[in-house]
Amino acid sequence: MLHRRQHCLLFPCNWLCSLRRRQQGSKKFKIIQLSLSLVLVTALITYFSVFPFNKSIYDHETRSQLIEARNSGSTFSRFNDKPSSGSGALSLSSVAPTLNWTSGSLKPIPSSAEPAILPDFKSWKTTPQHKTTLITKTVCTRHYPLLILVSSAPANFERRYLIRQTWGADNSTVPQWKTYFLLGQTRDPARSDLLKKENSIYGDMIRADYYEHYWNQSLKIQMAFEWAARYCEFSYLLKADDDVLVNAKRLLDVLHLKSTPKKGLYMGKRHRNPIVQRSGKWRVSYEEYRGTRYPDFCSGAGFVMSYDVIESAVPLFDVIKPFRVDDVYVGMLAEKLGVRAMNHKGFVILGPSKKCNFFPNTLVQHQAIGECLIRLFMNHKNL
């Protein structure tokens with residue numbers, strides 16, 4: 001015959017055993033029951049305060065917030081956080097994408113032409129750290145009506161030398177323009193040492209801490225704009241390549257005309273409503289750019305911007321990430337600022353050719369290097 005305690009353990013639902021247990025430890029049981037109830041209530045309150053009871057309501061609130069942010073003027077990018085199909089190309093990240101609610105996937109939407117400058121868009125100047133890959137802190141010694149920044153590759157020593165000896169220098173008592181060269185880093189130690197020596201002689205090189213690559217030119221645009229706006233005072237900036245001739249005096253004459261805008265200027269050889277190339281040298285994948293056409297832009301061989309455009313473009317680097325085609329990237333920045341590209345026939349952009357034709361009214365002429373550059377410069381000088 002089972003002992004009563006053993007019988008209660010084997011048959012817990014027996015009402016006699018239950019009654020005996022309650023009688024033996026009613027006080028202890030009530031304390032434990034109260035403690036467990038308090039723990040359960042606390043857990044439930046915590047759960048429902050952190051996690052929504054109805055997931056559909058949570059999704060609806062999130063969607064409403066995103067739609068409200070979009071309608072209130074938040075900025076959106078066209079890019080995905082995926083690398084380009086091209087070798088060594090940049091990884092492009094999207095900024096504040098909107099949800100495609102029909103498919104449930106993230107899809108960027110085209111940016112508008114309205115300015116996206118924050119009220120404190122000049123605050124970046126007060127911070128010691130640079131926003132871009134810029135490492136040079138050289139300060140311009142005076143105000144220049146025209147600041148010229150020339151994109152150059154580390155190996156192009158001869159091109160930089162000829163520019164310094166021809167159109168790059170203004171030897172006037174009061175210089176009207178000043179030329180600097182934009183360079184990244186090289187993986188060749190010997191060439192890196194030569195660049196340091198070159199800069200110690202001329203002191204006209206602006207450096208960044210990224211390695212040079214053909215598809216990294218947008219990084220050069222970024223560091224050029226930041227350096228100019230942070231460390232220089234100027235009226236206009238000409239960004240040029242190191243294979244062009246610049247008629248700086250004539251360009252200044254054009255910039256001084258009353259008809260030339262003093263603010264909001266973006267001028268050069270304009271490409272209007274250009275089609276996105278999906279094949280060939282300038283191919284761009286759908287992952288990089290979903291649209292069929294780019295915003296208007298000026299050829300990267302040489303274009304002019306007023307100071308206010310350069311200064312206002314720098315904060316947009318947080319919104320519009322680098323694009324593999326640098327002149328298109330500048331067009332994207334201008335579109336976001338609401339600045340229209342202006343075409344000027346003085347910007348002569350030629351295709352690859354062995355000919356060295358002289359254009360008397362040129363401001364910037366592409367494909368001018370070596371003996372061709374010297375010949376064209378002397379022709380303009382003798383006019």
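Q: What should I know about the model before I start?
A: It's predicted, so local features need pLDDT of at least 70, side-chain atom pairs count only at pLDDT 80 or more, and totals for chains, interfaces and linings use all residues. Residues are numbered from 1 along each chain as its sequence is written, and side-chain values use heavy atoms, with hydrogens and water left out.

Q: What volume does the largest pocket have, and which residues are closest to its centre?
A: A pocket is an open set of points on a 1 Å grid over the protein atoms alone, where a 1.4 Å probe fits, with protein on both sides within 12 Å along at least five of seven lines; lining residues have an atom within 4 Å of a point. Volume is the space filled by probe spheres set on the points, which are joined across faces, edges and corners. Here the largest pocket comes to about 970 Å³. It has 36 lining residues, and Tyr 214, Asp 241, Trp 282, Asp 326 and Asp 327 are the closest to its centre.

Q: Which strand gives the most to that lining?
A: Helices (H or I, at least four residues) and strands (E, at least two) are DSSP runs, numbered from the N terminus. Strand 11 gives the most, with 4 residues. Helix 6 (217-231) and helix 9 (326-337) are among the elements that each supply at least two.

Q: How many residues of each class are in the lining of the largest pocket?
A: Ala, Val, Leu, Ile, Met, Phe, Trp, Tyr, Cys and Pro count as nonpolar, Asp, Glu, Lys and Arg as charged, and the others, Gly among them, as polar. The lining has 13 nonpolar, 11 polar and 12 charged residues.

Q: At what angle do helix 6 and helix 9 cross?
A: Axes are lines fitted to C-alpha atoms, for helices over the stretch in contact, and angles run from 0 to 180 degrees between N-to-C directions. These two axes come within 8 Å and cross at roughly 50 degrees. That makes helix 6 oblique to helix 9; under 35 degrees is roughly parallel, over 145 roughly antiparallel, 65 to 115 roughly perpendicular, and the rest oblique.

Q: Which residues of helix 6 and helix 9 meet?
A: Contact means heavy atoms within 4.5 Å. Gln 217, Ser 218, Ile 221, Gln 222 and Phe 225 of helix 6 meet Asp 326, Tyr 329, Val 330 and Leu 333 of helix 9. Sorted by class, that's 5 nonpolar, 3 polar and 1 charged.

Q: How do helix 4 and helix 5 lie, parallel or antiparallel?
A: Their axes cross at roughly 10 degrees, so helix 4 and helix 5 are roughly parallel.
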